Amino acid sequence: MTANTAVSRRVLLKGLGVTVALPWLESVPALASPAAKKPAQRFACLFIGDGISPPHWWARGAGADMELGSSLEPLARFKEKLNVIDGLWNKEGDGGHAKCTGNILSGAALSRGRTIKGGVSMDQLLAKHYEEETAQPSLVLGCEQPVSGFHESQYSMVYASHISWRNSESPVPIELYPALAFDSLFGGKAGKLQGSILDDVLSQANDLSGKVSGTDKQKLDEYLSSVRETEQRVQRLNKMAQDDTAVPAAARPSPAQPKDFREYARLMCDIIALAFQTDRSRVATLLLSRDLSGQVYPFLGVRDDHHSYSHSNEGKEYQAIVKFHVDQYAYLIDKLSKMKEADGSVLDNSCIMFVSEHWNAHNGSRVPVILAGGLGGTLKTGRTLDYLKAGNDKRKLCSLYLTLMDRMGLKLPEFGDAKERLAGI
């Protein structure tokens, strides 16, 4: 690359057979069309199974004056970037376990018994919409291993374990290994993680840093540090997994589970943030815990599994579990808010959703939803929105999805059980 070479503002560096997209650099001349100059929009969904703690899950007011219940306290710094939404209804997910999770992003009616049938989830429609523009159409990540068999309701546990569906019969397989998720973004072979993906591109990046403004150089340095930090955390997790003496054998989790759930969840959030920062992918889902979750949280001082506590969801133990998951959501929001892009941040150009299938145990008639980010200026933030008394036809969860897909350039006549967009969004 010479000083006279014009390159796009979304610069691409190549090394080890990997194309790495750099952040939005204002001082680099653009050859792309006007439409391509606008920062990309992104969508991510973080899911917690088995509902929330209703007495502690509330928000009032707007902007910096917004008041938050104790479960939402981790989001206090981001009040002006939020939409806390109450009262939405997922008609086909109302009541019981298993059936509520498999359609949380589709609103489709699910079939009982051995025949798996649901509907394409909205994240996968968006992935299809962007597939020609990104290296990885979507990231489908999870922190809890899927389970098989049937719930007593005769719905397959496949529904309870997956929120992303590529078609009506097949969920998208969940990537449980951070190393493989990272490799899907930056390399074709897992072996590349043993070295450094950056080794071949650092010299090119350093050359570029001398040709950009001081502000863009800071963005470039932050980006390279972000990649290096995530890569090192992946390598550290791999080393721990291979070290038989790191944890006593009796205490070791199953191969798909982390040794430290806190590290695991945040590393998955790091990977989503890095995918969005580099524009390797614009769509992601992260299943922090599945429906009927067996996840345990000894670091919270609770002794039983996630699902068992959900039936006493007003207690301090379950409040601690819910608040922990909200804290992971806040962690991702914070990462994205610090990634500068154009006149704002990656968060400003994204919509990051937090959702559960239940308001409380077995109650899907009121779905807890939080959105963070302005989706490229198309989504007003700093609001609390209540649809509980709007009437069932005016509070459909799928109406929200129609609206979000509209704002991202994917206009559909209907989706799930909805034909109308959600008013007030």
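In which helix is Asp270 found? In this predicted model, Asp270 belongs to helix H7, which spans residues 261-277. The residue is buried, its relative accessible area being 2%, and its side chain makes a polar contact with the side chain of Lys335 at 3.4 Å.

Among the contacts that link residues at least 6 apart in sequence, 71% join residues at least 24 apart. The mean pLDDT of the chain is 83, with 76% of the residues reaching 70 or more. Two stretches call for caution in reading: pLDDT stays under 50 over residues 30-36, for which the model has 9 contacts beyond four places in sequence, and it also stays under 50 over residues 188-194, for which 16 such contacts are present. Where pLDDT is low, predicted coordinates should not be read in detail.

An open sheet is formed by 7 strands, arranged in the order S7-S8-S3-S11-S12-S6-S13 with mixed pairing. Its edges are strand S7 (139-142) and strand S13 (383-386), each of which pairs on one side only. On average, and with direction ignored, neighbouring strands of this sheet are turned by 15° against each other.

The pairing around strand S6 can be followed residue by residue. Strand S6 (residues 82-88) is joined by 5 bridges to strand S12 (residues 367-372), and these two strands run antiparallel. Within this pair, Leu82 has Ala372 of S12 as its bridge partner, while Ile85 stands opposite Val369 of S12. Strand S6 is also joined to S13, in this case by 4 bridges and with the two strands running parallel; here Asn83 stands opposite Arg383 of S13. Strand S6 is mostly covered, as 7 of its 7 residues are buried.

Ser71 is located in the loop between strand S5 (67-68) and S6, and it counts as buried because its relative accessibility is 0%. When residues up to four places away in sequence are not counted, Ser71 touches Ser53, His56, Trp57, Gln319, Val322, Lys323 and Val326. Ala390, by contrast, is situated in the loop between S13 and H10 and is partly exposed, with a relative accessible area of 37%. Although Ala390 and Leu88 are 302 residues apart in sequence, their C-alpha atoms are 9.4 Å apart in space.

Helix H2 (residues 122-130) lies across strand S3 (42-48), S7 and strand S8 (283-289), and runs at about 155° to S8. The buried residues of helix H2 are Met122, Asp123, Gln124, Leu126, Ala127 and Tyr130, and what covers them includes S3, S7 and S8 together with helix H10 (397-407). Helix H7, in which Asp270 is found, lies across S3, S7, S8 and strand S11 (350-356), and runs at about 175° to S8.

Helix H7 also packs against another helix. The axes of helix H4 (residues 178-186) and H7 come within 10 Å and cross at roughly 5°, which makes H4 roughly parallel to H7. On the H4 side, the contact is made by Pro178, Ala181, Phe182, Leu185 and Phe186, and on the H7 side by Tyr264, Leu267, Met268, Ile271, Leu274 and Ala275. Helix H4 is largely enclosed by the rest of the structure, because 7 of its 9 residues are buried. These buried residues are Pro178, Ala179, Ala181, Phe182, Asp183, Leu185 and Phe186.

Terms used
Residues numbered from 1 in each chain as written. Predicted model: local features only at pLDDT ≥ 70, side-chain atom pairs only at ≥ 80, totals over all residues. Heavy atoms only, no water. pLDDT = per-residue confidence, 0-100. Contact = heavy atoms within 4.5 Å. Buried < 20%, exposed > 50% of the residue type's maximum accessible area, 1.4 Å probe, protein only. Polar contact = N/O pair within 3.5 Å; in protein donor to acceptor, adjacent residues only side chain to side chain. Pairing = 2+ DSSP bridges. Axes fitted to C-alpha atoms, helices over the stretch in contact; angles between N-to-C directions. Parallel < 35°, antiparallel > 145°, perpendicular 65-115°, else oblique.
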